[in-house]
Amino acid sequence: MIALIDGNNFYVSCERVFRPSLNDRPVVVLSNNDGCAIARSNEAKALGIAMGAPWFQIRHLRDSAGLVALSANFELYGDMSDRMMTLAAGLGHRQEIYSIDESFIDLTGIRGDLAERAHKIRSRILRWVGIPTCIGIAPTKTLAKLANHIAKAAERKPGSYPAELAQVCHWGQLPSNTREALLAATQVREIWGLGPKLTAQLNHIRIHTALDLARLSPSVARARWSVLLEKTIHELNGTSCISLQDTALDKQEIACTRSFGHPVTDRRELEEALAEFASRAAEKLRRQGSHVNQVMAFIRTSPFRKNDAQYSAYRIQPLMEPTDDTTRIIRAALEVLKAIYRPGFNYSKAGVMLMDLQPAATKHLTLNLDDELPAPNPELMLTLDRVNDRYGRGKIKLGAALAGEKKRNWTMKQERRTPAYTTDWHSLAVASR
DNA sequence: TCTGGGGTCCTAGGACCC
DNA sequence: TCTGGGGTCCTAGGACCC
């Protein structure tokens, strides 16, 4: 059996731990730039706020419905996630951390009543970390996701599901007619791995529910669509095809991309933004212990500004030799900008991606293949990372990423950010007497 | 006025080989 | 009129995830 445990409305729940006054109120957490809602409390969902709803479209609910909006505070969420995951691991012997708020846990070899055990872990996480969770238990990952989905729905809408399914749903314990009824009540779109495109195509051949899909021939699914859909069908029928991945693999690519707080036209400003993104990406690269062979950079206008002329371009810059040196990575990103920049556009977004990564250890000899480049400087990079780890991100930067005299239109808007309660001494909550 | 960011996997098709 | 067959590797783009 496999369990899927995840935090309910995770970002909102993290904020509520430190601001209990947000309980029972409609709350959303906004994406970078305060652009759109990326987490919603149950009360906010009840107001009809969709995932990804632009803030300017729902802002009126502040006055009419008491909606509270907060800027995303990823430092806080990451730390709360670590605490939650550590306790969740107690469910079984192996854990796959699937996202910031979800993990799969292998329950093989665990004796006793699994649902009871899940309830215990759940209340421990609630008590010690303050995050409410739901748990699905099933023989495959796809069914565990589905069971988790049911556990949440049963908690949120008590009338429409059997009460014992709320919070913890143990698929394996359900009678087969109940399982069938639940599959029939689940829309195809809600199944893990089925997005809008596949859903539309399946609906077209009159497959609407999880039960319909479970009855589709796997080989037909493979021939007409792909091996992914074939696996999903097997998984819905209880045959495990997607294994637990309990050791985190190195990233195959590393990206840093941002939308700008205001439109940017100036080339100098784009240079500054790309240099900053390249630096951030290089830090992630060194933390993973990898070297990069190709640097991709892009700039684009906003497709939402219908009256603006549109332009979007990217290019991949191969490096002379694999490196983790910020200076070289910035240089490559700026080479790309030189090639793709066109004046006269309102740029709204840019980014740097590091592709074709390899472990740093496999590089045996260093050739200085390009005389014009300064030699890589590992000591400088080490110092840079140490200082920034200790005193906060971006305290020291290389010249290209420094602000010019101009105002920085490209920086993010974050007007409603809460403090980093758990990772910054100066932001600790104070208990007053 | 105002619409996120960071990933993975699969497939089709082209280049190239003998 | 009619112009092989089979294989590998790589890449761009699509679809999906949270």
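Rings of Phe, Tyr and Trp (its six-membered ring) are paired if their centres lie within 6.5 Å, with planes under 30 degrees apart counted as stacked, over 60 as edge-to-face and the rest as tilted. The structure, a predicted model, holds 13 aromatic pairs. In one of them, Y11 and Y77 are stacked, at 4.4 Å centre to centre and 10° between the planes. Because Y11 lies in helix α1 (residues 10–18) and Y77 in helix α5 (residues 74–88), this pair ties together parts that are 66 residues apart in sequence. Helices (H or I, at least four residues) and strands (E, at least two) are DSSP runs, numbered from the N terminus.

Y77 also pairs with F74: the ring centres are 5.9 Å apart and the planes stand at 85°, so this pair is edge-to-face. F74 and Y77 are 3 residues apart in helix α5, about one helical turn. Their burial may be described by relative accessible area, where buried means under 20%, exposed over 50% and partly exposed in between (1.4 Å probe, protein chains only). Y77 has a value of 0% and is buried, whereas F74, at 36%, is partly exposed. Ring pairs link F10, Y11, F74 and Y77 into a cluster.

Charged contacts form a second theme. A salt bridge is a side-chain nitrogen of Lys or Arg within 4 Å of a carboxyl oxygen of Asp or Glu, and by this rule there are 17 salt bridges. D6 and K152 form one of these, at 2.8 Å from N to O. Since D6 belongs to strand β1 (residues 2–7) and K152 to helix α7 (residues 141–156), the contact ties together parts that are 146 residues apart in sequence. D6 is buried at 5% relative accessibility, while K152 is partly exposed at 26%.

Residues are numbered from 1 along each chain as its sequence is written, and chains are lettered from A and ligands numbered from 1 in the order in which they are written. Local features need pLDDT of at least 70, side-chain atom pairs count only at pLDDT 80 or more, and totals for chains, interfaces and linings use all residues, while side-chain values use heavy atoms, with hydrogens and water left out.
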